[in-house]
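Thanks for coming. I have one structure to go through, and I will keep it to a few spots.

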Amino acid sequence: MEKIRNFCIIAHIDHGKSTIADRMMELSGTVEKREMKAQLLDSMDLEREKGITIKLAPVTMHWKGYTLNLIDTPGHVDFSYEVSRSLQAVEIAVLVVDATQGIQAQTLANVYLALEQDLTIIPVINKVDLPAADVDGVAAQIMNLLGCKREDIIEASGKTGLGVDKILDRIIGDSMAAMCSMEHEDLARAARELLSEGHAAAIESPTKALIFDSYFDDYRGVVLYVRVFEGEIAKNSEILMMAAGTKGLALEVGVLTPKMSPRESLRAGEIGYIVTNLKTTREAKVGDTVTLTKEPAEVALPGYKNVLPFVYAGFFPVSNDQYKELKEAIEKLSLSDSALRFEPENSPVLGFGLRIGFLGLLHMDIVRERLEREFGLDLIVTNPSTNYEVVMNNGEIIEIKSAADLPDASEIREVREPWVKGEIILPKEMIGNVLNLINEKRGRQTNLSYIEGRAVIDFEAPMANLLTDFYDQLKSVTSGYASFNYELSGYRTEDLVRVDFLVAGHKMDALSVMAHRSEADAIGREVTKKLKEVIPRQNYEVALQAAIGARIIARETIGAYRKDVTVKIHTGDRDRKAKLLEKQKRGKARMKRFGKIDIPSEAFTVMLRR
């Protein structure tokens with residue numbers, strides 16, 4: 001165990017985590033030159049195209065007689081729980097900051113997570129070879145954030161491999177320093193002896209291993225990525241997931257190099273994989289503790305959370321014939337993604353579909369793209385919404401996922417909506433625009449601080465108002481310089497109402513939205529205008545209305561097509577013309593009473609992009 005080092009790389013999106021991981025594997029001889037390709041650990045096509053890590057990947061390397069276990073983590077806020085579990089599985093975090101962009105929101109969030117886990121942080125400035133690199137400015141930001149010295153910061157380039165050997169050397173050296181934190185040789189030796197005794201005790205005590213990732217393999221079942229903290233997991237041993245309470249078999253254990261390399265067992269201190277006989281990742285979730293059924297551990301490892309989605313959207317196939325294929329595709333994806341939740345939904349406009357829950361907007365975007373690419377589906381996605389807590393008059397609390405599920409107003413005591421804590425990093429001169437944007441979204445600023453020429457705005461805002469286009473607007477008002485990070489902070493009671501939309505007097509449940517009373521009128525006017533543009537004209541007049549309960553708050557009218565029925569009369573007889581116009585008027589009134597308006601599904605999606 002003294003020769004094992006477990007570390008992960010943390011950074012903002014696109015700061016070069018995966019590229020530095022490539023150079024490390026190349027330098028340590030883990031992957032041969034002929035097998036090397038860019039972003040080797042990013043196996044999905046989507047990851048390569050977008051240049052982001054979606055699924056974390058562990059790899060075992062060897063350097064100067066030491067075994068180094070690396071976990072390449074995703075950088076996006078949607079996957080912050082997975083990142084926190086990865087950080088619990090390691091002792092060292094390599095913090096990568098882009099020399100051209102400096103510290104961003106996700107960098108800060110990940111540093112806080114690493115400090116919570118009490119990890120040794122190795123700061124690295126990446127992309128120092130670029131012409132636009134501001135190495136001294138970024139170094140000052142890092143020193144300000146971490147309180148470290150200038151010589152502690154390693155300058156590197158993932159592209160050329162500059163400084164990567166220094167990072168590997170520092171991992172070997174820093175880890176020992178972190179474990180001993182004693183400069184005197186005698187004290188260090190004594191600490192090493194204590195450590196080796198502790199390692200022996202760790203191997204003999206009941207088995208505890210942390211699941212930091214899991215996925216479903218079509219041919220082998222659920223594969224777990226684990227860090228063994230105590231004891232040993234041998235091939236074919238019976239295992240127990242402590243939080244889920246499920247039992248399984250370790251059909252194969254081993255390490256990743258980055259291909260699967262089977263071993264007889266995984267021992268304390270090691271990171272590797274376990275191939276199980278489980279059928280879905282819901283039976284072995286990220287953050288759960290694995291132990292042996294014959295000698296189970298008494299207490300699980302801390303930090304496990306059952307991650308629940310809080311962004312919901314309706315997914316409908318363009319052709320109803322594809323509903324069965326959509327359901328099968330989502331079931332397949334949910335085998336590997338335990339955070340996905342789905343239930344059937346029926347819309348009078350769009351037919352049969354599924355209401356699916358996600359961890360955030362990027363997660364939703366990735367699932368949509370995978371459904372369209374991997375399963376060849378043509379989809380309509382409704383406007384994303386969040387979940388609300390409704391307190392009934394009898395004290396019962398129910399959760400609703402869409403406005404159509406809201407009970408009658410007379411039965412409701414209060415409605416609570418989710419709020420988030422957010423953090424925006426931006427240039428100082430753009431603060432005013434961003435504060436205005438936060439106020440527009442019913443948010444409130446809680447703190448304003450500065451890091452070397454950059455401002456950090458802490459704020460609180462309702463989740464629903466950040467879902468549609470907040471990120472786009474933020475990038476627009478800051479010319480693309482701002483970065484944004486958020487986390488859920490709880491539910492608050494607000495004056496929320498359901499805004500319904502009526503087309504020719506018929507209520508369309510699929511169009512209903514939850515809104516704050518102060519914003520309801522504006523939303524009503526905006527959506528009825530959009531509907532007027534997209535619903536085709538009929539032979540009779542069509543009223544489009546927005547309503548809260550029985551009160552109409554906005555109205556637009558789609559004018560009727562009018563055929564000139566008097567064109568065939570050649571004489572100027574007024575009575576004959578009046579008679580024909582009266583007959584047409586009666587016909588239109590009858591059509592209006594019995595006519596059915598067909599809202600095209602394409603129009604529906606245009607309307608939803610507010």
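A polar atom in the side chain of S214 lies 3.4 Å from the backbone oxygen of A284. For a polar contact, the cut-off is a pair of N or O atoms within 3.5 Å; within protein, one must be able to donate a hydrogen and the other to accept it, and residues adjacent in sequence count only if both atoms are side-chain atoms. S214 sits in strand β7, residues 208-217, and at 4% relative accessibility it is buried. Buried means under 20% relative accessible area, exposed over 50%, and partly exposed in between, with a 1.4 Å probe and protein chains only.

The model is predicted, so local features need pLDDT of at least 70 and side-chain atom pairs pLDDT 80 or more, while totals for chains, interfaces and linings use all residues. Residues are numbered from 1 along each chain as its sequence is written, and side-chain values use heavy atoms, without hydrogens and water.

Next, the nonpolar cores, meaning sets of buried Ala, Val, Leu, Ile, Met, Phe, Trp, Tyr and Cys residues joined through side-chain atoms within 4.5 Å. The largest has 39 residues, and C8, I10, I71, L87, A114, I125 and I142 touch the most other members. Helix α4, residues 105-116, gives the most to this core, five residues. Helices are DSSP runs of H or I, at least four residues, and strands are runs of E, at least two, numbered from the N terminus.

What is L87 in contact with, beyond its neighbours within four places in sequence? The list is C8, I10, N110, L113, A114, Q117 and L119, with contact meaning heavy atoms within 4.5 Å.

Last, E369, in helix α9, is buried at 16% relative accessible area.
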